[in-house]
Amino acid sequence: MKRNFYSVTRVLLFVLCLFSATALNAQKGWEQVHELPFTNAMHLSSEGNLLLADLTYDETSGIYLSTDGGENWTKTNAAGYSYNLFVENDEYIFAAGMGCKVARSDDGGKTWEVLSYARNVVDLIGEENIEWSNAYAMALHDGKLFVGDFCGGGVIYSEDNGETWVNTDIASLSYGEADPKLGKQPVENIYNLVSYNGELYAFGVYFVFRYDAATNAWETIASNSNFMAVSAIYQGTLCLGRSVINDSYDADFVVTLNKDGEWGALARPETYDNNIRAMHADGKHLFVGMQYNKLYHTSNGGETWQELSKNYPSGSVPMFIRTDDKYVYLACYHSWSNESGLWRLEKSELEGEVEGIGNINTDNKATTTYDLSGRRVLQPSKGLYIVNGKKTYLK
């Protein structure tokens, strides 16, 4: 009996070890799809094409295309203007770049034409600054293409897919005292534009604005932006990350804004790093890519986080995260490394998922916030907030 027992035990242990080894080998982790020095922007088109753009300042940058899942790549005809981000509507893919340029493609990214909004901002930023002007913010809202000029040109929009442009009110994006040399107030630098819940929001270095189409002007709704440069709409709630060094366990990790205009925050993973460089949501999942070589994922509204670290390109800065049914794609920047480029992770490796994501709620106490599961978490950062035109001090 004992001999049979030990024989059966050995067989079970062998099967268990074989299963564990097989499962371990199945976890391939991140794999590089395409190496591209100075990778800057990434897009996954509606028809499944992969697009990459690189960052150089000698006009050799461009837009690269793969139509077969990353196996083969072609440098397109897009002129080199260091394109920073892509958006897509039913007719075109748009790419915003340096020099007041916006490129567009009507064939899934295969060919491009480059347009310009320079005439709309030259009087605001000066002829000498046109070639150095940049756009990091772009959004589609109410049938219009909005672009945020980063060098003092404010926010402009086009109703004809970039053929012509209209300025929004520049005074409502200005702040502080007038510069005695320039004779005008500084204009907020816009890092992010988001169409959410029927409203258009602009996020700058300092302020958060909401667009009023009736007046073509911007309302300041908060003064706590502090570089809210990345965002995703997750389970109906706008989630925002601050792309700035802010190492603290006490600061907000992912800031939230719900459909009722209430601010909140998600609970954090076990990290003091709050410098979020990339963010993406695809329904159940929320991904955040950190400056300090970490990528986290939650499927339960921030109640728990999973670090996606196997074979992660730790020497690079995450720039964009996108997903399809099979993969999580990560575009990474590194100035002098072959890790710069496009990486991917099989979605089957997203473990520990939890069902039943709820909504963010807040009670009547201004200093209490909840995560997407309804669990009380961090308080907002202390200081002055301007919410709906009213000053609120959190002590």
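Biologist: Is Glu 270 buried or exposed, and what is its relative accessible area?

Modeller: This is a predicted model, in which local features need pLDDT of at least 70, side-chain atom pairs count only at pLDDT 80 or more, and totals for chains, interfaces and linings use all residues. Residues are numbered from 1 along each chain as its sequence is written, and side-chain values use heavy atoms, with hydrogens and water left out. Buried means under 20% relative accessible area, exposed over 50%, and partly exposed in between (1.4 Å probe, protein chains only). Glu 270 is therefore exposed, its relative accessible area being 81%.

Biologist: Between which strands does Glu 270 lie?

Modeller: Strands (E, at least two residues) and helices (H or I, at least four) are DSSP runs, numbered from the N terminus. Glu 270 belongs to the loop that links strand S21 (263–266) and strand S22 (276–281).

Biologist: What distance separates the C-alpha atoms of Glu 270 and Glu 307?

Modeller: Along the chain, Glu 270 and Glu 307 are 37 residues apart.

Biologist: Is Leu 238 buried or exposed, and at what relative accessibility?

Modeller: Leu 238 is found in strand S19. Leu 238 counts as buried because its relative accessibility is 0%.

Biologist: Which residue in S15 is the bridge partner of Tyr 196?

Modeller: Two strands pair if DSSP finds at least two bridges between them. Strand S14 (residues 190–196) and S15 run antiparallel and are joined by 6 bridges. They form a hairpin with 2 residues between them, and Asn 197 in the turn has a positive phi of about 55 degrees. In S15, Tyr 196 has as its bridge partner Glu 199.

Biologist: Which residue of S16 stands opposite Ala 202?

Modeller: S15 also runs antiparallel to strand S16 (residues 208–212), with 3 bridges joining the two. The hairpin between S15 and S16 passes through 3 residues. Ala 202 stands opposite Phe 209.

Biologist: How many residues of strand S15 are buried?

Modeller: Strand S15 covers residues 199–204 and is mostly covered. Of its 6 residues, the number buried is 5.

Biologist: What is the phi of Cys 100?

Modeller: Cys 100 lies in the loop between strand S7 (93–96) and strand S8 (101–105). Cys 100 is buried, with a relative accessible area of 0%. Although Cys 100 is not a glycine, its phi is positive, at about 65 degrees.

Biologist: How many residues does the largest nonpolar core have?

Modeller: A nonpolar core is a set of buried Ala, Val, Leu, Ile, Met, Phe, Trp, Tyr and Cys residues joined through side-chain atoms within 4.5 Å. Tyr 117, one of the residues with the most contacts inside the largest core, is in contact (heavy atoms within 4.5 Å) with residues including Cys 100 and Trp 165, leaving aside neighbours within four places in sequence. The number of residues in this core is 43.

Biologist: Where does Ile 245 lie?

Modeller: Ile 245 is exposed, with a relative accessible area of 62%. Its place is the loop between strand S19 (237–242) and strand S20 (254–257).
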